[in-house]
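Let's walk through this structure together, starting with charged side chains and then turning to a helix.

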Amino acid sequence: MRISVIVVLIVFAAVRCTSDEDRQGTGRLDSGMLRIVMRWAGDDFASQHQLAVRDEIARNIAESGKGIILRTGTGMGWMDIIVEARKNKAHMAIEAIVKEHAKGFDLSIEKQ
């Protein structure tokens with residue numbers, strides 16, 4: 001019985017993470033929004049170090065005044081940050097912050 005419950009929870013978590021990523025990837029965000037996506041090889045959940053990097057990026061963006069962090073997320077093999085840029089020119093400053101801190105990640109910044 002315990003094993004069945006554990007298997008169901010693991011499958012639910014895997015499906016939920018994948019569905020969330022797919023929905024975000026195809027959904028439209030409002031103008032002035034950025035979705036910062038960081039990926040790594042495999043489909044493991046984020047390590048403590050990877051989460052710390054994501055949180056550091058979010059903190060630096062917020063402290064710079066260039067954007068408002070709307071949401072952060074993570075799944076199997078990816079994590080993201082949704083940012084509302086304060087001004088159109090803020091995109092370049094946000095991209096510079098991300099690139100400075102996200103070394104070693106497969107990185108994409110999607111302007112929506």
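Glu110 is partly exposed, with a relative accessible area of 24%; partly exposed lies between buried (under 20%) and exposed (over 50%), using a 1.4 Å probe and protein chains only. Glu110 forms a salt bridge with Arg35, with the closest N and O atoms 3.9 Å apart; the term means a side-chain nitrogen of Lys or Arg within 4 Å of a carboxyl oxygen of Asp or Glu. This pair links distant parts of the chain, joining strand β4 to strand β1 across 75 residues. Strands here are DSSP runs (E, at least two residues), as helices are (H or I, at least four), numbered from the N terminus.

The model is a predicted one: local features need pLDDT of at least 70 and side-chain atom pairs pLDDT 80 or more, while totals for chains, interfaces and linings use all residues. Residues are numbered from 1 along each chain as its sequence is written, and side-chain values use heavy atoms, leaving out hydrogens and water.

Together, Arg35, Arg71, Asp80 and Glu110 are linked in a salt-bridge network.

Now look at helix α3, residues 90-101. Its buried residues are Ala90, His91, Ile94, Glu95, Ile97, Val98 and His101. The face turned away carries the exposed residues Met92 and Lys99.

Methods
Expected span 1.5 Å × (residues − 1).
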